[in-house]
Amino acid sequence: MDDSSPAPSDHIRSEISRRKAVQLLGVGAATVAAGSAMTGTIGASPAAAATPLRAAVLEYVDPFTHAKGLRILLENAGFTVIDLDPAVAADAQGVDLIAFGSFASEGPHYRNYVQAQAGSLQTFVQNGGVVLDLAQPDVPGKGVPYLPNVNWRWGTSGPYAVRTDADFSTIYPVDTAHPLVSALPVTSGQVLTGRNSTHPRTPTPEDPRTQVSVFTSWESLGAWKEMRVLLACAPGAAGFPAALLEGRNSYIDVPSDTEVVGKGRYLISSLIIDKCYDAAGQPIQSTVAIDDSRKFFNALTGYVQKAKGGTAAVVKFTLSSQAGPLVGHVSETTARLWARPGVDPALYPTWKCEVKANGVVVKTVTADISTANDNTLLVDVTGLQANASHTYEITSTAPNPPSVPMKGSFRTAPVAGTAAKVTLGMGSCAHTMPNSLWKRVTTEGCDGFVMLGDTPYADGGHRAIPGAAVGSLSVVRGHHREFLASPELAEMARSIPVWATWDDHDFGANNGFGNTVPSKGNYRQAFVDYRANATFGHATNGTSLTSRTAGEGVYTSFRRGPIEVFLIDPRWFSNYVNGDLTNRVCMGQVQKEWLFNALSASTATFKVLASGMTWYKKVGGENDHWGTFQVDKDAIFNYIKQNRISGCVLVSGDIHVSRALNNGNIQVGYDLWEYVTSPIHRITAGSTHTDTPPELKWNKAEPYTFLKLEADTTGPTATLTAKWINRDGVVQHTQTRTLTELTRP
């Protein structure tokens, strides 16, 4: 939209006079001298700068509010303001602040600029500049594209900020000591009050409205990582959803000699605080609202000065308080649902889950937040109809519940023994960051997803908890929470069942075993806190454990129509002794008996033995594979052969390479295939895994890949089809086996 303005109004002329005073007296003195001419009581005057600050602005008179004001507010705060030149790189604009106005994304330049100039925006901030982004693109789930990413190291991949389709008129201070927050007056616990919620608009034949509702926070920030929450939209929610996020200039793990941690900043916001004036410069907001906006931008002056000089306060990252909802184990008639509401359990202890089928409520279940499980909920729903679609919504039973809904959908399993086609996604090795692969899983029509480990990488340091030790319960829980809060993963997990086992990095250490990871209890506790499997290993007395309490291992299984998946835990019970080939074990007696009994009892057409670590023997220095524990491996295969158990395949992950291997028919009496699927993230290891074992039939180091496993008993011949698919939907390899081929003659 054209950003030209008419002749200056009296208000604009008064602003010009004030700016001349700034040049003569300095910012702070001019503000005091001009205070009586300004609207309301200003306060929080911008500090005088030896060198005047410059700002490049991209703003439009947007079609929602018919308003603007970013330039006026910045000039009022002492900035020299120029129009951002969309043809010039960010670090060549010659300014200290780059500011994108509210709804700047409605204009012709914002989207192209932030995509094309991501690198120069990062350079601009590294050099001490500040980016203030108020753009509010009306694309829920869209991330901010220019935040810095880093090379992977122990799961660290840099920050992100994602807008969600939630709008609010309530804004609450979170980091009350931060200069951009402390400058704002607090009214009944809120800031930025007194703003008009409706604005006039020009009616059109398509939309005859003469007014439009405008929230204070538009497209609020519902997901973030390695950012600091300054303002939020809901009370008692520890910053969720966020309205103002702060990010630092660099995201390397260890500050180098060239990094000044107090230099440069990113400010990502959903606030509509600049739309105070119409196109002619006349106020359209209340005196209180304009005063609040001026206080914020006046405080921004001192903030930019410190960022420019390298003396800004250290950014302490805020962990997202909310994760989920997640659909866990779903059978023919039951569903296990999980959520972390992110609220104070003392204020909102009890929650109601309403399940609908065809729009009609069929079940209502209540559950309390479990403080012992990191303030999460686990809801067990029973008595459902098989092979039917359901929706659910989880809400607080309190009189004034938090306004962020938690809802999703799931489909119950087909009746066992009936002809059906079931598709499961499977994958391993996923970073905590936005990843469209999760969306591809649902696009491909998967009925559920199985996480095979390193989902997430939980054994690294966590910068959101300064000083916390690697392996401490708070750190490991933090990794799991941020992982499930990742936007595309969160969208998938709320709409299809998710089952999980672990591998070395979510068990506690790279190539770690049960006798080498002293903090494995913390990793198990965090795992059961953030998953909703049907069972979690066994209790100390050997009985199957359905609750999220202390126990042994995390193994479990599930049946969905013609396929049954056994998620084996070879980590918890493993006892690796170098040089001892006889006494090395990884299953434990209780788990082994469970697996053998479950295999014998299974009537599923196809049976998947899933493990994080590979069944085939890796080469090189790594020893976390089933070949290291040959005694247990042989015991499983011998049991399958002796009991003539048909339809078995092996699935694994871990190695950042995808493979198909045929173990031949000697071990179980028919060709026993292993399908390796890795990685979900972008880091492959093709140069590491160059071995070509005799079993290897296909091999590819393809990033962003998952396994799509389809069991089909609707035709004359039962088939199991494996497809390795990348996040763009490109099929890397396909293999189909019939039940006849997976049956001992």
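Are Y675 and W724 buried or exposed? Both Y675 and W724 are buried, where buried means under 20% relative accessible area, exposed over 50%, and partly exposed in between (1.4 Å probe, protein chains only). This is a predicted model, in which local features need pLDDT of at least 70 and side-chain atom pairs count only at pLDDT 80 or more, while totals for chains, interfaces and linings use all residues. Residues are numbered from 1 along each chain as its sequence is written, and side-chain values use heavy atoms, with hydrogens and water left out.

The protein has 745 residues, and 59% of them are buried. Its secondary structure comes to 14 helices and 32 strands; helices (H or I, at least four residues) and strands (E, at least two) are DSSP runs, numbered from the N terminus. Of the contacts between residues at least 6 apart in sequence, 70% join residues at least 24 apart, a contact being heavy atoms within 4.5 Å.

The interior can be followed through its nonpolar cores. A nonpolar core is a set of buried Ala, Val, Leu, Ile, Met, Phe, Trp, Tyr and Cys residues joined through side-chain atoms within 4.5 Å. The largest one has 52 residues, and M426, I563, I636 and Y675 have the most contacts inside it. Apart from neighbours within four places in sequence, I563 is in contact with V422, L424, F558, A604, F606, V608, L709, A711 and L720. A second, separate core has 42 residues, including L231, I273, V304 and A307.

Aromatic rings come next. The whole structure holds 25 aromatic pairs; rings of Phe, Tyr and Trp (its six-membered ring) pair if their centres lie within 6.5 Å, and planes under 30 degrees apart count as stacked, over 60 as edge-to-face and the rest as tilted. One of these pairs is F513 with F629, edge-to-face at 5.4 Å centre to centre and 80 degrees between the planes. F513 lies in the loop between α11 (504-507) and α12 (520-529), and F629 in the loop between β25 (606-610) and α14 (630-642), so the pair ties together parts that are 116 residues apart in sequence. F513 is buried at a relative accessible area of 2%, and F629 is buried at 0%.

The rings of Y675 and W724 have centres 5.4 Å apart and planes at 90 degrees, so this pair is edge-to-face. Y675 is in strand β28 (residues 673-676) and W724 in strand β31 (residues 719-726), so the pair ties together parts 49 residues apart in sequence.

W502, F507, F527 and W572 form one aromatic cluster. K520 lies over the face of W572, 4.3 Å from the ring centre; a charge sits over a ring if NZ of Lys or CZ of Arg is within 6 Å of the ring centre and within 35 degrees of the ring normal. R727 lies over the face of Y704, 3.5 Å from the ring centre.

Two further residues show local packing. T65 is in the loop between β1 (54-58) and α3 (70-76) and is buried, with a relative accessible area of 2%. The C-alpha atoms of T65 and V212 are separated by 7.3 Å, although the residues are 147 apart along the chain. V365, in strand β16 (residues 360-368), counts as buried at 19% relative accessibility. V365 and V381 are 16 residues apart in sequence and 6.7 Å apart in space, C-alpha to C-alpha.
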